[in-house]
Amino acid sequence: MPSLPPSGGYLQAIRDSSRVLCAASGVAIKAEHIKRLLLSPAFLDSFRRVSQVHGLALPLNFSSNVDELNFLSVLSLLNFASGFRVPLHAQTSRGAWDSIRALLFSMYITSTTGEGDLLSAKGLRTIDISKIAEFMGVSLHVERPHDTIPGVVVGELGGPLYQLVELIASVLNETGRILEDTGYPDLGSFVAETLERTRKLQANDDAAVDFVLETLVRAFPGFRDMSEVNGQPIYCFKKALFLIHAINIRFGSISPPPFPIPSTTNIPVFADNVLPSLLVHLGVIDLSSTLSLSGLFPPYGSEMSLEHLLGSAPASTKAVSGVLKMVPEEGPFVTPSQSYILRAAAINACELIVKTAQSLDATALGDGGEHLDWISKITLPSLDMWIWAVAKDRPDYRVLKRFVDRDTVYF
């Protein structure tokens with residue numbers, strides 16, 4: 001683990017460390033490839049619609065703003081499990097994000113039935129793997145042949161979803177202990193107090209975001225998303241950034257807001273496995289000169305051509321339901337260092353995409369004669385949401401392989 005960034009420098013540390021690690025690793029992100037994406041039918045036809053899909057619609061009745069904030073905070077803390085996408089689909093027909101949401105919905109609903117508040121500090125500290133598995137609807141047993149009796153199969157605890165449930169329990173239990181030790185009834189109360197403290201700072205939005213980000217990262221290891229790769233520190237802090245942006249989405253339109261809500265327009269993207277994988281497939285991130293990554297993804301044309309992927313979405317939607325029901329293919333497994341390089345590439349690429357978009361000729365016309373001035377106004381969070389959502393929106397994108405790292409609680 002590297003040292004934490006200096007106070008007030010967390011956002012800059014994410015950007016700087018990502019850029020430096022990309023350069024040191026030989027990752028190439030070329031301006032002409034960025035423009036090719038921005039002016040492609042794939043981007044132009046879908047961005048304004050798909051970038052509004054954030055996955056934060058919550059069909060629950062909350063008792064207070066802090067109650068909802070607590071739900072969002074725990075949801076963000078558990079916003080990982082991407083490496084378990086395939087086994088989750090195989091057992092539940094849901095991916096990682098939908099599985100985590102289902103878990104949180106069950107925890108919340110159970111907490112309103114008089115069985116104890118599972119989203120309180122005590123509830124997080126005491127929840128066990130059997131309860132988590134029950135709420136997620138997954139089996140923790142795998143079958144294997146009996147050691148000595150031919151034809152007999154025995155069940156035992158194990159398998160990838162057992163590993164996932166253990167990771168979830170570990171993060172929740174650890175966070176609950178920290179909250180109890182520091183006197184907070186739940187994670188939402190901690191976050192609400194942190195937001196209120198930004199009022200006293202009288203800081204601009206970036207400084208306020210930086211303060212909240214630092215406070216979360218310092219307090220809870222579950223948000224401490226950083227590492228060192230080949231002597232280079234790398235800071236991503238994906239889940240903490242996601243939480244801050246989720247607060248903006250859920251509470252930013254309330255007047256007056258229930259607590260200070262800093263703008264998240266300029267924050268770095270929330271780097272997971274979807275963003276870098278899709279940007280590789282769409283020809284923005286070039287790994288050909290990166291020795292440790294060059295063979296991870298198939299060369300263009302072996303699955304779908306780049307021309308096809310950058311073209312308009314397939315006109316026919318008849319195959320969509322079938323694709324949705326299919327268990328996706330497992331992507332390439334990577335080491336923690338490889339995953340950090342790929343995530344750094346996504347952070348850096350998205351910064352460059354937005355800068356390139358802002359510099360495009362605002363009077364340019366698309367193939368259909370449409371003015372493209374809106375491209376110069378895209379933001380990093382909206383770009384993040386587009387990449388994440390379009391990967392689900394197009395059936396041909398859904399089958400593209402995403403890299404897999406199961407030894408992490410950060411994405």
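Trainee: Where does Pro256 lie?

Mentor: Pro256 lies in a loop, the one that runs between helix H13 (238–251) and helix H14 (274–281). Keep in mind as we go that this is a predicted model.

Trainee: Is the peptide bond from Ser255 to Pro256 cis or trans?

Mentor: That bond, from Ser255 to Pro256, is cis, and its omega is near -10 degrees.

Trainee: Okay, let me zoom out. How many helices and strands does the protein chain have?

Mentor: The secondary structure comes to 19 helices and four strands. The radius of gyration of the chain is 22 Å, close to the 22 Å that the globule rule gives for 411 residues, so the chain is as compact as a globular protein of that length.

Trainee: And what does the C-alpha trace span along its principal axes?

Mentor: The span of the C-alpha trace is about 70 × 60 × 45 Å.

Trainee: What share of the residues counts as buried?

Mentor: Of the 411 residues in the protein chain, 55% count as buried. As for the accessible surface, it comes to about 17500 Å², and 52% of that belongs to carbon and sulfur atoms.

Trainee: What about contacts between residues 24 or more positions apart?

Mentor: Those pairs account for 77% of the contacts in the protein chain with a separation of 6 or more.

Trainee: Let's look at helices. At what angle do H5 and H11 pack?

Mentor: Helix H5 (residues 65–77) and helix H11 (residues 187–201) pack at an angle of about 105 degrees, and their axes are 7 Å apart. That angle makes H5 roughly perpendicular to H11.

Trainee: Which residues make the contact?

Mentor: On the H5 side you have Val66, Leu69, Asn70, Ser73, Val74 and Leu77. H11 brings Leu187, Gly188, Ser189, Val191, Ala192 and Leu195.

Trainee: How many of them are nonpolar, polar or charged?

Mentor: The residues of the contact of H5 with H11 divide into eight nonpolar and four polar, with no charged ones.

Trainee: New topic: H6. How many of its residues are buried?

Mentor: Helix H6 (residues 85–92) is mostly covered, with six of its eight residues buried. The buried ones are Arg85, Val86, Pro87, Leu88, His89 and Thr92.

Trainee: What covers the buried residues of H6?

Mentor: The cover includes helix H7 (96–111), helix H9 (129–136), helix H10 (160–182) and helix H19 (395–398).

Trainee: And what happens just after H6?

Mentor: There you meet Ser93, with a positive phi of about 65 degrees, a positive value in a residue other than glycine. Ser93 has its place in the loop between H6 and H7. At 57% relative accessibility, Ser93 counts as exposed.

Trainee: What can you tell me about the phi of Asn230?

Mentor: Asn230 has a positive phi of about 50 degrees although it is not a glycine. Asn230 is found in the loop between E3 and strand E4 (232–235), and at 73% relative accessibility this residue counts as exposed.

Trainee: Last one, Met226. Where is Met226 found, and what does it touch?

Mentor: Met226 is found in strand E3 (residues 226–229), and it is buried, with a relative accessible area of 5%. Not counting residues up to four places away in sequence, Met226 touches Met1, Pro2, Leu4, Ile234, Tyr235, Phe237 and Tyr340.

Trainee: How far apart are Met226 and Asn61 in space?

Mentor: From C-alpha to C-alpha, Met226 and Asn61 are 35 Å apart, and they are 165 residues apart in sequence.

Conventions
Residues are numbered from 1 along each chain as its sequence is written. This is a predicted model: local features need pLDDT of at least 70, side-chain atom pairs count only at pLDDT 80 or more; totals for chains, interfaces and linings use all residues. Side-chain values use heavy atoms; hydrogens and water are left out. Axes are lines fitted to C-alpha atoms, for helices over the stretch in contact, and angles run from 0 to 180 degrees between N-to-C directions. Helices (H or I, at least four residues) and strands (E, at least two) are DSSP runs, numbered from the N terminus. Angles under 35 degrees count as roughly parallel, over 145 as roughly antiparallel, 65 to 115 as roughly perpendicular and the rest as oblique. Contact means heavy atoms within 4.5 Å. Ala, Val, Leu, Ile, Met, Phe, Trp, Tyr, Cys and Pro count as nonpolar, Asp, Glu, Lys and Arg as charged, and the others, Gly among them, as polar. The radius of gyration is taken over C-alpha atoms; the globule rule is 2.2 Å times the number of residues to the power 0.38. Buried means under 20% relative accessible area, exposed over 50%, partly exposed in between (1.4 Å probe, protein chains only). Accessible areas come from the Shrake-Rupley method with a 1.4 Å probe; for residues, only the protein chains shown count as cover.
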